[in-house]
Amino acid sequence: MQLGMIGLGRMGGNMTTRLLQGGHQLVVFDPNPEAVKAAAAFGAKPATSAEDLVRQLQAPRAVWVMVPSGDPTEKTVQTLAGLVAKGDTIIDGGNSNYKDTVRRGAELAAVGLNFVDVGTSGGIWGLKEGYSLMIGGEKAAVEHLRPLFETLAPAKDRGWGHVGPGGAGHFTKMVHNGIEYGMMQAFAEGFAIMKKKEAFHLDLHQLARIWQHGSVVRSWLLDLTADALGHDQDLKDIAPYVSDSGEGRWTVAEAIELDVAAPIITHSLITRLRSRDSESYTDRLLAAMRNQFGGHAIKKA
């Protein structure tokens with residue numbers, strides 16, 4: 001199957017390679033010429049611009065957008081909308097806010113274009129293991145793209161599916177990432193408790209390896225944790241600063257909007273935010289209040 005791919009970052013580049021290995025014909029573009037060159041070395045046809053990419057595709061065209069969410073995705077989709085023709089399909093495989101996706105889908109449908117949103121999970125391991133794909137959009141458009149999804153997924157009949165109308169793919173990926181926040185937080189807290197129990201001299205890597213087999217908490221996330229602990233249990237070279245890419249925030253906001261209690265996901269998000277505040281005014285003020293009402297000692301900075 002022929003496909004255009006815009007965005008050859010870490011995930012986009014790996015997805016391109018997997019599709020090429022699956023026998024698909026790809027035309028690729030990225031603002032970084034070196035990324036285009038690397039994809040061309042694997043057999044992709046290089047394009048010098050979005051216009052050049054569209055010119056090289058045969059109708060009905062399908063163009064997969066794999067760029068950062070927000071303004072980059074908005075501009076790329078709008079540019080493509082002005083270049084492709086009625087009946088063509090634009091695919092957003094990034095982590096867009098599902099509300100933006102619903103709006104974009106309606107705008108494109110009004111001019112006869114298909115819009116498919118693909119919530120994509122798999123990270124740097126997707127090239128080898130396959131990607132988990134949550135797909136939203138019109139059934140006919142999704143079915144037409146089936147060969148691509150079957151190639152990208154871990155197997156033709158596993159790890160992917162059409163989950164609902166436009167926006168459903170990005171919505172379910174958003175919740176997926178919110179759940180991921182909570183799972184990561186639970187593992188991190190549990191291992192921190194065990195590390196603090198110095199009297200037992202616990203080998204955290206050994207424990208992670210034990211839990212990988214037979215335990216109810218065994219998971220790929222635990223496998224990755226075991227790998228990290230195998231390199232350095234003290235994590236001395238890693239700063240206690242945890243970023244977030246937005247999906248956790250959106251999940252919490254959606255939970256509030258829907259009146260759904262989500263304390264675990266919310267707490268894990270707040271913990272990430274707090275990890276970035278090395279000069280916490282909140283904690284300074286808490287210490288000051290304890291000193292005021294109880295005369296408790298204050299640790300000087």
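Q: How many aromatic pairs does the count come to?
A: Four aromatic pairs, by the ring-centre rule. Keep in mind that this is a predicted model.

Q: What is the geometry of Phe 149 and Trp 160?
A: Their ring centres are 5.6 Å apart. The planes stand at 40°, so the pair is tilted.

Q: Which elements does that pair link?
A: Phe 149 is in helix α8, residues 146-152. Trp 160 is in strand β8, residues 160-164.

Q: Is Phe 149 buried or exposed?
A: Phe 149 is buried, at 0% relative accessibility. Trp 160 is buried as well, with a relative accessible area of 18%. The cut-off for buried is under 20%.

Q: What about Phe 191 and Trp 211, what angle do the planes make?
A: The planes are at 55° and the centres 5.4 Å apart, so this pair is tilted. Phe 191 belongs to helix α9, residues 168-196. Trp 211 belongs to helix α10, residues 204-211. They are 20 residues apart.

Q: And burial for Phe 191? Buried or exposed?
A: Buried, with a relative accessible area of 7%. Trp 211 counts as partly exposed, at 26%.

Q: Which residues form an aromatic cluster?
A: Trp 64, Phe 149 and Trp 160 form one.

Q: Changing topic: charges over rings. Where does the charged end of Arg 272 sit?
A: Over the ring of Tyr 181, 3.7 Å from the ring centre. Lys 197 has its charged end over the ring of Phe 200, 5.5 Å from that centre.

Q: On to helix packing. What angle do α9 and α11 pack at?
A: About 40°, with the axes 11 Å apart. Helix α11 covers residues 220-231. The two helices are therefore oblique to each other. Their crossing is right-handed.

Q: Which residues make that contact?
A: From α9, Met 183, Met 184, Phe 187 and Phe 191. From α11, Leu 221, Leu 222, Thr 225 and Leu 229.

Q: What about α10 and α11, how do they pack?
A: At about 155°, with their axes 9 Å apart. That makes α10 roughly antiparallel to α11. The crossing is left-handed.

Q: Which residues meet there?
A: Leu 204, His 205, Ala 208, Arg 209 and Trp 211 in α10.

Q: Next, α4 and α5. At roughly what angle do they cross?
A: Roughly 10°, and the axes come within 12 Å. Helix α4 is residues 71-81, and α5 is residues 98-109. They are therefore roughly parallel.

Q: Which residues of α4 meet α5?
A: Thr 73, Glu 74, Val 77, Gln 78 and Ala 81. Their partners in α5 are Arg 103, Arg 104, Glu 107 and Leu 108.

Q: Which residues of α4 are buried?
A: Thr 73, Glu 74, Thr 76, Val 77 and Leu 80.

Q: What covers them?
A: The cover includes β1 (2-6), α3 (50-56), β4 (62-65), β5 (89-92), α5 and β6 (114-121).

Q: Now the loops. Where does Gly 130 lie?
A: In the loop between α6 (126-129) and β7 (132-136). Gly 130 is buried, with a relative accessible area of 10%.

Q: What does Gly 130 touch?
A: Leaving out residues up to four places away in sequence, Gly 130 touches Arg 18, Trp 125, Leu 152, Ala 153 and Pro 154. Met 15 is 115 residues from Gly 130 in sequence and 8.9 Å away in space, C-alpha to C-alpha.

Q: Which residues does a cis peptide bond join?
A: Ala 59 and Pro 60, with omega about -5°. Pro 60 is in the loop between α3 and β4. Most peptide bonds are trans.

Q: What is phi for His 201?
A: Positive, about 50°, although His 201 is not a glycine. His 201 lies in the loop between α9 and α10. With a relative accessible area of 70%, His 201 is exposed.

Q: And what is phi near for Asp 259?
A: Near 60°, a positive value in a residue other than glycine. Asp 259 sits in the loop between α12 (247-257) and α13 (263-275). At 71% relative accessibility, Asp 259 counts as exposed.

Terms used. Residues numbered from 1 in each chain as written. Predicted model: local features only at pLDDT ≥ 70, side-chain atom pairs only at ≥ 80, totals over all residues. Heavy atoms only, no water. Phe/Tyr/Trp six-rings, centres within 6.5 Å; stacked < 30°, edge-to-face > 60°. Helix = DSSP H or I, 4+ residues; strand = E, 2+ residues; numbered from the N terminus. Buried < 20%, exposed > 50% of the residue type's maximum accessible area, 1.4 Å probe, protein only. Lys NZ or Arg CZ within 6 Å of the ring centre and 35° of its normal. Axes fitted to C-alpha atoms, helices over the stretch in contact; angles between N-to-C directions. Parallel < 35°, antiparallel > 145°, perpendicular 65-115°, else oblique. Left-handed = near helix turned anticlockwise from the far one by under 90°. Contact = heavy atoms within 4.5 Å.
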